[in-house]
Amino acid sequence: QVQLFESGGGSVQAGGSLRVSCETSGFNFGIYRMAWFRQAPGEERAFVAGISWKGGATRYGDSVKGRFTISRDNSKNVAYLQMDSLKPEDSAVYYCAAARYGSLAEPYQYWGKGTQVSVSS
């Protein structure tokens, strides 16, 4: 049974940092590309960052470039999103996702249930 579980969300003031984690099980994590998406109330889910299965390639949404860093630990089956210089507009539910084939920009197959990140001004 495939499971993705996000944790580490919370409330932080603008300019602060958070790291969210995605613990996984039930699939061969080391050969899946991983990504983070986010969805704010009333908005569509948006791509935040993606990382290739070995971690050699990454891709970021324009709004988070230079502030967020995606990483993974294949020995622990965990993906991370380090978020620095947070802004109120970063507030959203953050989801992790996994897929076996394709590029970082293509659709993802498995999804977690999300973790809330709230940034106050």
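Colleague: Thr58 first. At 40% relative accessibility, what does Thr58 count as?
Modeller: Partly exposed: Thr58 has 40% relative accessibility, and that class lies between the 20% limit for buried and the 50% limit for exposed. Bear in mind that this is a predicted model.

Colleague: Which strand is Thr58 in?
Modeller: Thr58 belongs to strand S6, which covers residues 58-60.

Colleague: And what does Thr58 touch, leaving out residues up to four places away in sequence?
Modeller: Gly50, Ile51, Ile70 and Leu104 are in contact with Thr58 on that count.

Colleague: How far apart are the C-alpha atoms of Thr58 and Gln39?
Modeller: The separation is 20 Å, for two residues that are 19 residues apart along the chain.

Colleague: Switching to the sheet. In what order do the four strands of the open sheet come?
Modeller: The order is S1-S3-S8-S7, with antiparallel pairing. At the edges are strand S1 (3-7) and strand S7 (68-73), each of which pairs on one side only. From one strand to the next, the twist averages 15°.

Colleague: What do strands of a sheet pair through?
Modeller: Backbone hydrogen bonds, in either a parallel or an antiparallel arrangement.

Colleague: How many bridges join S3 to S8?
Modeller: Six bridges, between residues 18-25 of S3 and residues 78-83 of S8, and the two strands run antiparallel.

Colleague: Which residue in S8 is the bridge partner of Ser21?
Modeller: Tyr80 is the partner of Ser21 there.

Colleague: Aromatics next. How many aromatic pairs does the structure hold?
Modeller: Seven aromatic pairs. One involves Phe27 and Phe29, whose ring centres are 6.4 Å apart.

Colleague: Why is the Phe27 and Phe29 pair tilted?
Modeller: Because the ring planes of Phe27 and Phe29 are at 50°; under 30 degrees would count as stacked and over 60 as edge-to-face.

Colleague: Are Phe27 and Phe29 buried or exposed?
Modeller: Phe27 is buried, with 12% relative accessibility. Phe29 is buried too, at 1%. The cut-off for buried is under 20%.

Colleague: What sits over the ring of Phe29?
Modeller: The charged end of Arg72, at 4.4 Å from the centre of the Phe29 ring.

Colleague: And where does the charged end of Arg33 sit?
Modeller: Over the ring of Tyr108, with 4.4 Å between the charged end of Arg33 and the ring centre.

Methods:
Residues are numbered from 1 along each chain as its sequence is written. This is a predicted model: local features need pLDDT of at least 70, side-chain atom pairs count only at pLDDT 80 or more; totals for chains, interfaces and linings use all residues. Side-chain values use heavy atoms; hydrogens and water are left out. Rings of Phe, Tyr and Trp (its six-membered ring) pair if their centres lie within 6.5 Å; planes under 30 degrees apart count as stacked, over 60 as edge-to-face and the rest as tilted. Buried means under 20% relative accessible area, exposed over 50%, partly exposed in between (1.4 Å probe, protein chains only). A charge sits over a ring if NZ of Lys or CZ of Arg is within 6 Å of the ring centre and within 35 degrees of the ring normal. Two strands pair if DSSP finds at least two bridges between them. Axes are lines fitted to C-alpha atoms, for helices over the stretch in contact, and angles run from 0 to 180 degrees between N-to-C directions. Contact means heavy atoms within 4.5 Å.
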